[in-house]
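Hi everyone, thanks for making time.

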Amino acid sequence: MMRCERCAALVRTRSRVVPGAGAMPATVAFVGLAPGRFGGDRTGVPFDGDRSGAMLRRMIRIAGLRRVFITNVVRCNPRDAAGRNRDPAAGEIANCRGHLRAELELARPRIVACLGKVAWRELAGRAAPFTPEAPRLATVGGMRLFAMYHPAYVIRGAYPESSYARDFARLADLVRSPAASGRAVAPD
Ligand code: SF4
């Protein structure tokens, strides 16, 4: 994974490959979008060093979640022509799919929390509705999934921080409930 060059455009824009990091086995695996240029691309750790990372880690701490694993749909920072973060292209997401699946199989989380619609669609598919304002457990393709907004959405003021904290508390309750016993990701 650390030497992967499947995405030609991302090989040019990345500073490094940013693999998932955290506890194995994990209670929750958080799956975001891509390493940010001020965050993971600089520090080598997903959601570390930028405002989104600070928001996510603060919410995890407030909710009392332990043994989490944090990763992204793609492992390299995508940038536009002006050098700003951009969303990964569909082909780049497809290229990185095997790396994400391998990480989740290693982390063996009880619940996979999808941070934003891109992560949700990657793991739940397009047919399953993305409903982060009424989050609940959904089992799709053998995975126990939980839809949440990306922290950047909350930082932009598009979703109240108090509601986001409530969603994390709900996730923490679910982790402790019988509904989340066993592992969310079944091995092949
Ligand atoms: S985003 Fe994933 S598939 Fe693309 S070059 Fe980086 S590690 Fe490889």
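Let me start with a term: two strands pair if DSSP finds at least two bridges between them. While we're at it, helices (H or I, at least four residues) and strands (E, at least two) are DSSP runs, numbered from the N terminus.

Now the housekeeping. This is a predicted model, so local features need pLDDT of at least 70 and side-chain atom pairs count only at pLDDT 80 or more, while totals for chains, interfaces and linings use all residues. Residues are numbered from 1 along each chain as its sequence is written.

Okay, the overall picture. The protein chain has 7 helices and 6 strands, and from the N terminus the order is α-β-β-α-α-β-α-β-α-β-β-α-α. Its radius of gyration, taken over C-alpha atoms, is 15 Å, close to the 16 Å that the globule rule gives for 188 residues, so the chain is as compact as a globular protein of that length. That rule is 2.2 Å times the number of residues to the power 0.38. The C-alpha trace spans about 45 × 40 × 30 Å along its principal axes.

Let's zoom in on strand E3. E2 and E3 run parallel and are joined by 5 bridges, with Gly 32 opposite Asn 72 in E3. E1 pairs with E3 too, but in the antiparallel sense, over 2 bridges, and there Gly 22 sits opposite Phe 69.

So is E3 enclosed or open? For that we need "buried": 20 or more other C-beta atoms within 10 Å of the residue's own, versus exposed at 12 or fewer and partly exposed in between, with C-beta atoms placed from the backbone. In E3, 5 of the 5 residues are buried, so the strand is largely enclosed by the rest of the structure. In a regular strand the side chains alternate between the two faces of the sheet. Here both faces are covered: Val 68, Ile 70 and Asn 72 are buried on one side, Phe 69 and Thr 71 on the other. For the protein chain, 47% of the 188 residues count as buried.

Next, the core. I mean a set of buried Ala, Val, Leu, Ile, Met, Phe, Trp, Tyr and Cys residues joined through C-beta atoms within 7 Å. The largest one has 51 residues, and those with the most contacts inside it are Val 28, Val 73, Val 112, Ala 113 and Cys 114. Elements giving two or more residues to this core include E2, E3, E4 and H4. Contact means C-beta atoms, placed from the backbone, within 7 Å. Leaving aside neighbours within four places in sequence, Val 73 touches residues including Val 31, Leu 33, Ile 93, Cys 96 and Val 118.

Now the ligand. A residue is near it if its C-beta atom, placed from the backbone, lies within 6 Å. There are 15 residues around the ligand, the closest being Cys 4, Cys 7, Cys 76, Asn 95 and Cys 96. H4 gives the largest share of that shell, 4 residues.

Met 24 and Pro 25 are joined by a cis peptide bond, omega about 0 degrees, and Pro 25 is in the loop between E1 and E2. Phe 47 isn't a glycine, yet its phi is positive, about 55 degrees. Phe 47 is buried, with 27 other C-beta atoms within 10 Å. Arg 108 also has a positive phi, near 45 degrees, but this residue counts as partly exposed, with 18 C-beta neighbours inside 10 Å.

Definitions and conventions:
Contact = placed C-beta atoms within 7 Å.
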